[in-house]
Amino acid sequence: MRIPRILIAAAASGGGKTTVATGLMAALRRGGHPVAPFKVGPDYIDPGYHSLAAGRPGRNLDSVMCGPDLMAPLLAHGFLAPATTAQTSAQTRASSSAVSGEAPGSAELAVVEGVMGLFDGRLGDGAGSSAEIARLTSTPVVLVVDASHASLTHAAVVAGLAGFDPRVRVAGVILNRVGSARHGAEIRRGVDRLGIPVLGEIPRDKDIFVPSRHLGLVPAAERDASAAQVGALARLIADHVDLDAVLAVARRAPDLAVRPWDPEAALRGSAAWGSLEEARRRGGVESPLIAIAGGRAFTFRYAETTELLEAAGCRVVEVDPLTDAALPEGIAGLYLGGGFPEMHADQLAANRSLHESIRSHVAAGMPVVAECAGLLMLCRTLDGHPMTGVLDLQAEMRPRLTMGYRDAVADSETLLAGAGERVIGHEFHRTGVSAVDPTGGHESGPSTPAWSFAMPDGSTRLEGVSSDPAGIGRPTVHASYLHLHWAGQPACAARFAAEAWRCAGSAPSSPQPSDIGEMAPPRPVDPQPSPAAEPEPRDRAVELDLLHHGDRDVAAGLVDLAVNVRVDHTPRWLVTAITDTSSRWQTYPDAEPARLALAAHHRVDPAMVLPTSGGAEAFALVARALHPSRAVVVHPQFTEPEAALRAAGHRVDRVLLDPADQFRLHPEEVPGDADLVMVGNPTNPTGVLHPAEILDRLRAPGRVLVVDEAFMDATDGAQSLIGPRMDQLLVLRSLTKTFGLAGIRAGYVLGDPALVSRLAAQQPPWSVSTPAIAAMIACCSPAATAHRRNLVEALPAARQDLVARLRAQGLTVIDSESPFVLVDTSSVDPHRSIREELAARGLAVRRGETFPGLGPTWIRLAVRDPDIHARLADALADISAGRTSRPHPDHLDKEIR
């Protein structure tokens with residue numbers, strides 16, 4: 001497997017690894033090179049900054065907790081994972097305001113930040129060191145040299161590090177905190193003798209720092225200035241490090257013979273798979289809902305935690321203990337990870353309604369996993385501040401830091417482990433807990449220690465709490481200081497998920513979707529089980545092929561009735577406007593003139609406009625920038641919005657409009673708790689133009705409405721929602737169809753300035769090309785206005801010609817206000833599509849079965865000229881009469897896809 005990669009290491013802690021690694025990730029991302037970020041060891045804080053810099057979840061490579069054999073598979077998994085996964089951690093949400101974003105998909109390279117000194121790991125065997133990870137993954141090492149306090153001697157240190165273990169290849173050096181040009185040159189002189197390239201010299205900069213506290217750096221999600229800090233690091237690195245040389249080092253990394261880690265396979269191979277499988281079979285629900293604590297107080301968890309829970313069939317949402325008044329409705333499990341609740345104790349203590357919500361759910365048998373900060377949240381008090389009181393413990397800050405890997409055994413059955421099962425975890429805290437008199441407190445139920453630790457001095461320490469507060473006969477609360485990486489302990493994830501399935505299935509209201517967090521719409525949302533509620537990707541969304549586009553229904557020699565581009569060539573005046581910019585194609589594009597032109601054209605504030613690389617990028621930006629708890633897409637419509645949401649890890653519910661009602665939209669059919677609604681207008685493929693007043697009724701407090709107006713130019717524009725006030729509203733436009741610009745990729749978003757700003761924060765730099773910018777400006781010109789007007793005036797007659805011919809064949813045609821029509825051909829064949837028979841007669845049409853809510857008898861037809869319409873009518877008559885035709889020569893043995 002090809003994974004360009006580097007590992008950033010140093011001779012010791014404090015040399016600038018985090019500065020260089022984070023700055024490199026941000027600078028490379030700004031330069032259009034998507035980075036998969038990693039951190040060696042168990043540390044949570046550095047990955048928070050990595051996420052901010054890279055726009056992807058920071059991941060950990062810890063060979064002690066996960067085992068050496070998983071290092072390369074976890075690296076490969078993180079490299080291939082999309083930019084925004086299903087996890088909704090604070091660090092991932094914070095990346096929405098980072099330096100920039102990129103399209104979902106695998107990264108171009110991996111950047112791994114090391115830990116401590118290059119060869120420093122677990123005492124006694126060095127396990128978990130940066131050198132071990134470099135060796136296990138065959139990753140070239142780039143050394144960060146703290147140039148302070150010496151010059152030529154640093155070259156000797158590099159020589160020692162490079163030669164200490166021949167299995168570890170030092171492939172480059174970056175000098176940090178260089179005092180002057182002469183200082184850097186002297187160090188270079190020595191390093192050059194080693195044959196190791198110096199990739200950059202970073203000057204001393206007192207303004208580049210990250211504040212620290214009692215457990216190290218302050219997490220990125222807790223710092224309002226984090227995004228600006230990362231942006232400054234990106235500029236620093238870009239100015240002083242040869243990024244091309246860094247890329248060259250990464251690209252020379254050898255291929256890996258590795259199968260990427262797969263969360264479902266990990267669960268299947270775990271000792272608890274049978275328990276999970278049985279719980280799912282007996283669950284009686286579509287998918288249990290698990291809440292994971294996030295926000296500024298709970299910033300620590302591994303990305304694989306969410307991935308394993310989702311692979312176990314659970315839905316995962318984030319809850320912020322600082323601001324959320326209660327757990328989500330229908331909750332079946334709670335994961336309280338790490339963080340710094342002691343820094344937010346006042347706010348946590350004030351959220352008494354959430355405390356009561358947690359206590360009542362725990363008392364009813366909801367399973368809870370609480371690690372470190374989560375343990376503190378379940379205590380009676382934290383430094384005197386009242387917490388939830390689930391456990392009869394009090395917590396307080398202590399003078400001594402407790403830190404290290406722990407070999408832990410469950411002495412009895414717990415929520416996460418069977419009796420006698422062993423795990424390896426890590427603890428890192430300066431607080432401690434002690435028992436309090438339970439009198440007057442909340443009953444925490446029978447309890448035993450969560451773990452028995454084998455300490456380095458040979459002693460045994462009992463730690464944490466495993467309890468059964470609901471009295472159901474098995475533990476449902478697991479609270480401990482021990483952090484576990486569930487990729488190394490997948491049975492823990494399987495056990496927790498199994499208990500969540502049991503909890504969801506045993507709830508009295510479980511048969512009612514509305515009582516388990518899925519509000520039932522007034523009529524069926526889908527004749528099949530809701531794809532959004534399916535626990536695995538083997539749902540109808542996959543079967544429908546949401547990424548199918550009309551151009552795949554076209555083949556050489558076929559008359560194109562499948563693609564909705566309205567002109568057969570780009571207007572000459574537009575071609576001239578685009579090619580006149582050719583003298584600037586060697587420079588980076590600036591989309592600001594396009595933004596201003598589009599704003600003037602639509603008479604809106606420029607802050608309400610974001611030029612995009614076509615509509616597809618706009619959908620991806622919406623999916624990455626917004627974090628809905630319930631996203632709803634109104635279908636049938638263009639499938640790209642749903643595909644983008646799913647690729648970003650969001651669950652998607654569908655509202656299917658009724659063909660018997662001409663696919664009209666009834667706002668009351670959209671679930672009231674939907675906080676993101678996406679709809680097309682006019683809708684592709686139905687051609688229905690929804691009245692603006694109907695769409696306005698979809699707007700509601702706390703809800704973002706996204707309207708795809710890609711075909712609005714085919715109408716008089718009266719039903720557009722574009723206007724000077726667009727609160728919580730986004731409208732997406734494309735110039736592809738009207739102006740023949742499919743190959744240029746030109747589109748834009750208009751809407752609420754705050755939402756537009758969030759989308760812009762996710763957009764990669766220079767994503768809109770200079771030709772596209774020129775096209776956008778030209779499409780705001782008088783010539784463009786005349787072009788639109790001519791098409792609008794000509795369309796009704798041409799469309800009516802097509803509709804009349806189709807209805808004369810006895811076909812059902814949906815009333816359309818668009819440059820295409822949707823046709824039900826079930827009168828010809830009630831079970832199968834006639835698409836291939838039309839292709840055999842030289843005509844390509846857009847299949848309907850890849851649109852949710854439509855079946856194979858539906859086809860979409862682009863409006864063309866009367867001659868083509870007549871040829872289509874003749875072919876339909878021929879098929880209806882049962883006559884056959886000699887296959888088109890370009891279509892023999894070839895399925896149109």
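Predicted model: local features only at pLDDT ≥ 70, side-chain atom pairs only at ≥ 80, totals over all residues.
Reader: Thanks! What is a disulfide, anyway?

Author: A disulfide is a covalent bond between the sulfur atoms of two cysteines.

Reader: New topic: rings! How many aromatic pairs does the structure hold?

Author: There are 11 aromatic pairs. One of them joins Y44 and F300, and that pair is stacked, with 4.9 Å from centre to centre and 10° between the planes.

Reader: Where do Y44 and F300 lie?

Author: Y44 is in the loop between β2 (35-40) and α2 (45-54), while F300 is in the loop between β10 (289-293) and α13 (303-311), so their pairing ties together parts that are 256 residues apart in sequence.

Reader: Nice! Are those two buried or exposed?

Author: Both Y44 and F300 are buried.

Reader: Which residues form one aromatic cluster with them?

Author: Y302 and F340 do: together with Y44 and F300 they form one aromatic cluster.

Reader: I also spotted F820. What sits over its ring?

Author: That would be the charged end of R860, 5.7 Å from the centre of the F820 ring.

Reader: Okay, switching to D878. Where does it lie?

Author: D878 is in helix α29, which covers residues 866-880. With a relative accessible area of 13%, D878 is buried.

Reader: And which side chain does D878 join in a polar contact?

Author: The side chain of R841, through a polar contact of 2.8 Å.

Reader: Last one: what about V433, where is its place?

Author: V433 belongs to strand β17, residues 422-435. Its relative accessibility is 26%, so V433 counts as partly exposed, a class that runs between 20% and 50%.

Reader: Which residues does V433 touch, if I skip those up to four places away in sequence?

Author: Skipping those, V433 touches L375, L376, C379, L393, Q394, A395, E396, R398 and Y481. Take C379 as an example: C379 and V433 are 54 residues apart in sequence, and their C-alpha atoms are 8.2 Å apart in space.

Methods:
Residues numbered from 1 in each chain as written. Heavy atoms only, no water. Phe/Tyr/Trp six-rings, centres within 6.5 Å; stacked < 30°, edge-to-face > 60°. Helix = DSSP H or I, 4+ residues; strand = E, 2+ residues; numbered from the N terminus. Buried < 20%, exposed > 50% of the residue type's maximum accessible area, 1.4 Å probe, protein only. Lys NZ or Arg CZ within 6 Å of the ring centre and 35° of its normal. Contact = heavy atoms within 4.5 Å. Polar contact = N/O pair within 3.5 Å; in protein donor to acceptor, adjacent residues only side chain to side chain.
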